[in-house]
Amino acid sequence: MIYDLIDESGKDLKQYGYKLKKLDKFGITIATLTIDSEEKSRALAMDRGDYFILNCPHFYDFKMEADIYIVNILSKVLKDFYKKLKIKKDEKVLIVGLGNPEIMSDRLGKIVFDNVEINPLKKDNNIFKFCPNIYFSTGIETIDMVGMFVKGMNIDYILLIDSLTTNDVSRLGTSFQITTSGITPGSGVNRFGKKINAKSMGAVCLSIGVPFMIFASDLNSESPADLLLSPKDIKEHIERAGFLIASAINEVLK
C-alpha cells in the first residue's frame, strides 16, 4: 500500500524523528519529519526528503480568521524551506498544477494555477506556471512535459501542487503537506508515473498536496478496491484549500 501522507504509514514515527506540535488556534497541529537515509526510506515506504504537515480537523467550521492563520503558517514554512534549500528570490520558478482538471476532487493543482499571480510582461519575470493535465488526456508523461520546460527555460526550482489520497475520512481537505521529496503523478489513484523530484529534474522540487480522495475500501472492506470517494461539498472545499495554497505562494514570491 502506498500512502500519500507521511503520517499514515502505520509506523511509530517518533523513533524516526517525527515531531508533533499543537497550536493555540482552530485545533491545528503541525508535524515535521526528515527522511535522511535509505534505511528510513525503506522502513516508511516514503522517499527521502523533509516533510511538513498541517492538520486542521475542523477547518471548514471556521471562516476568514482561520484562512489567514493557515496562509501565514504555510507561507512561513515555504520561506523556511527556501532558506534551507538556499533558493534565491530572483531564481526561476516553475509552478506546476498537477491532476485532472475535469474531476473536481483532482482539481487542486488547477485551482492553485488559476490563483497564483505572475507578471509575464515584467522584463525580468522569473515566475512561470502551467497545468500539464494527465497522461490519458495528452498521451504525454507529465515528467516529460515538466522536464522540457525545466531544461528549455533553465528553471531553478519547481513547485508541484496535487490532490492526494488519505485512508482517514476526517482528513479529507483538512491536511496540508509540503515536502522536498517530489511527487509521483497518479500515485494516489494507483496509476504510477515516473517520479518528479530533484534527481529526475536536475532542479530543486517542493510539492504541496491536500487529500481530497479516499478509497471506498478504507471505509468498508467489502467495497470495490478501485472506487474513490470525495467529500459531498468537494467544490467549495477544494476551491478554498487551493486559494489558501496560492495565497501562501503569492506571499512568498512577491
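Reader: Is Gly173 buried or exposed?

Author: This is a predicted model, in which local features need pLDDT of at least 70, side-chain atom pairs count only at pLDDT 80 or more, and totals for chains, interfaces and linings use all residues. Residues are numbered from 1 along each chain as its sequence is written, and side-chain values use heavy atoms, with hydrogens and water left out. Buried means under 20% relative accessible area, exposed over 50% and partly exposed in between, with a 1.4 Å probe and protein chains only. Gly173 has a relative accessibility of 0%, so Gly173 counts as buried.

Reader: Where does Gly173 lie, and which residues is Gly173 in contact with, leaving aside its neighbours within four places in sequence?

Author: Strands (E, at least two residues) and helices (H or I, at least four) are DSSP runs, numbered from the N terminus. Gly173 lies in the loop that runs between β6 (157-166) and β7 (175-179). Contact means heavy atoms within 4.5 Å. With neighbours within four places in sequence left aside, the contacts of Gly173 are Phe59, Tyr60, Val210, Pro211 and Phe212.

Reader: How many Å apart in space are Gly173 and Phe130, C-alpha to C-alpha?

Author: Along the sequence, Gly173 and Phe130 are 43 residues apart. In space, C-alpha to C-alpha, their separation is 23 Å.

Reader: Which residues does Gly109 touch, not counting residues up to four places away in sequence?

Author: Gly109 lies in helix α3 and is buried, with a relative accessible area of 1%. Its C-alpha atom is 6.1 Å from that of Gly99, 10 residues apart along the chain. Not counting residues up to four places away in sequence, Gly109 touches Gly97, Leu98, Cys131 and Ile161.

Reader: What is the separation of the C-alpha atoms of Gly182 and Asp47?

Author: Gly182 is in the loop between β7 and α6 (198-201), and at 9% relative accessibility Gly182 counts as buried. Leaving aside neighbours within four places in sequence, Gly182 is in contact with Ile196, Asn197, Cys205 and Ser207. Gly182 and Asp47 are 135 residues apart along the chain, and their C-alpha atoms are separated by 8.2 Å.

Reader: Which residues is Thr142 in contact with, leaving aside its neighbours within four places in sequence?

Author: Thr142 is found in helix α5 (residues 142-153). Its relative accessible area is 7%, so Thr142 is buried. Leaving aside neighbours within four places in sequence, Thr142 has contacts with Leu98, Pro132, Asn133, Pro185 and Ile196.

Reader: Is Asn133 buried, partly exposed or exposed?

Author: Asn133 lies in the loop between β5 (127-130) and α4 (135-138). Most residues other than glycine have a negative phi. Asn133 has a positive phi of about 65° although it is not a glycine. With a relative accessible area of 21%, Asn133 is partly exposed.

Reader: What is the phi of Phe26?

Author: Phe26 lies in the loop between β1 (19-22) and β2 (29-35). Phe26 is buried, with a relative accessible area of 14%. Although Phe26 is not a glycine, its phi is positive, at about 60°.

Reader: Why is α8 largely enclosed by the rest of the structure?

Author: Helix α8 (residues 234-253) reaches 28 Å from its first C-alpha to its last, close to the 28 Å expected at 1.5 Å a residue. The expected span is 1.5 Å times one less than the number of residues. Helix α8 is largely enclosed because, of its 20 residues, the number buried is 15.

Reader: Are α3 and α8 parallel, perpendicular or oblique to each other?

Author: Axes are lines fitted to C-alpha atoms, for helices over the stretch in contact, and angles run from 0 to 180 degrees between N-to-C directions. The axes of α3 (residues 108-115) and α8 come within 8 Å and cross at roughly 45°. Angles under 35 degrees count as roughly parallel, over 145 as roughly antiparallel, 65 to 115 as roughly perpendicular and the rest as oblique. The two helices α3 and α8 are therefore oblique.

Reader: Which residues of α3 make the contact with α8?

Author: On the α8 side, the contact is made by Ile238, Glu239, Ala241, Gly242, Phe243, Ile245, Ala246, Ile249 and Asn250. On the α3 side, the residues are Leu108, Ile111, Val112 and Asn115.
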